[in-house]
Amino acid sequence: MDKADDVVLAEWCDVLDVDVPKVDDDFFELGGNSLLAVTLIERIESRLGVEVPLEQFFMDGRLGTLLDGARSAGAR
């Protein structure tokens with residue numbers, strides 16, 4: 001795992017109040033909503049200094065998708 005993974009996992013757990021996240025967990029099925037999604041993305045972007053694709057996350061709200069988006073954003 002890299003720094004992006006650590007940040008995404010920490011913010012995911014904090015926003016959704018979960019202890020053991022799984023890459024196939026869906027943000028919206030776990031109780032997340034659009035406002036929380038924006039908050040989550042903003043927190044990740046702030047900590048990593050990158051832009052994470054919000055639209056991609058709204059289309060596929062799985063943790064794995066968010067991890068991929070954060071990794072890709074860091075590679076730019």
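How are α1 and α4 oriented to each other? I took this as the opening entry on a predicted model.

**Entry 1: α1 against α4.** I looked up the axes of α1 and α4, which come within 9 Å and cross at roughly 140 degrees. Angles over 145 degrees would count as roughly antiparallel; α1 and α4 are therefore oblique to each other. I noted that α1 passes α4 in a right-handed crossing. On the α1 side, I listed Ala 4, Asp 5, Val 8, Leu 9 and Trp 12 as making the contact, and on the α4 side Leu 63, Leu 66, Leu 67, Ala 70 and Arg 71. Sorted by class, I recorded eight nonpolar and two charged residues here, with no polar ones.

**Entry 2: α4 itself.** I found that helix α4 covers residues 63-74, 12 residues in number. From first C-alpha to last, α4 reaches 17 Å, close to the expected 16 Å. I then checked burial: Leu 63, Gly 64, Thr 65, Leu 66, Leu 67, Gly 69, Ala 70 and Ala 73 of α4 are buried. Their cover includes α1 (3-16), α2 (34-48) and α3 (54-59).

**Entry 3: α1 against α2.** I turned to the axes of α1 and α2, which come within 10 Å and cross at roughly 145 degrees. The crossing of these two helices is right-handed. From α1, I listed Lys 3, Ala 4, Val 7, Val 8, Ala 10, Glu 11, Trp 12, Asp 14 and Val 15; they meet Leu 36, Leu 40, Arg 43, Ile 44, Arg 47 and Leu 48 of α2.

Notes: Residues numbered from 1 in each chain as written. Predicted model: local features only at pLDDT ≥ 70, side-chain atom pairs only at ≥ 80, totals over all residues. Heavy atoms only, no water. Helix = DSSP H or I, 4+ residues; strand = E, 2+ residues; numbered from the N terminus. Expected span 1.5 Å × (residues − 1). Buried < 20%, exposed > 50% of the residue type's maximum accessible area, 1.4 Å probe, protein only. Contact = heavy atoms within 4.5 Å. Axes fitted to C-alpha atoms, helices over the stretch in contact; angles between N-to-C directions. Parallel < 35°, antiparallel > 145°, perpendicular 65-115°, else oblique. Left-handed = near helix turned anticlockwise from the far one by under 90°. Nonpolar A, V, L, I, M, F, W, Y, C, P; charged D, E, K, R; others polar.
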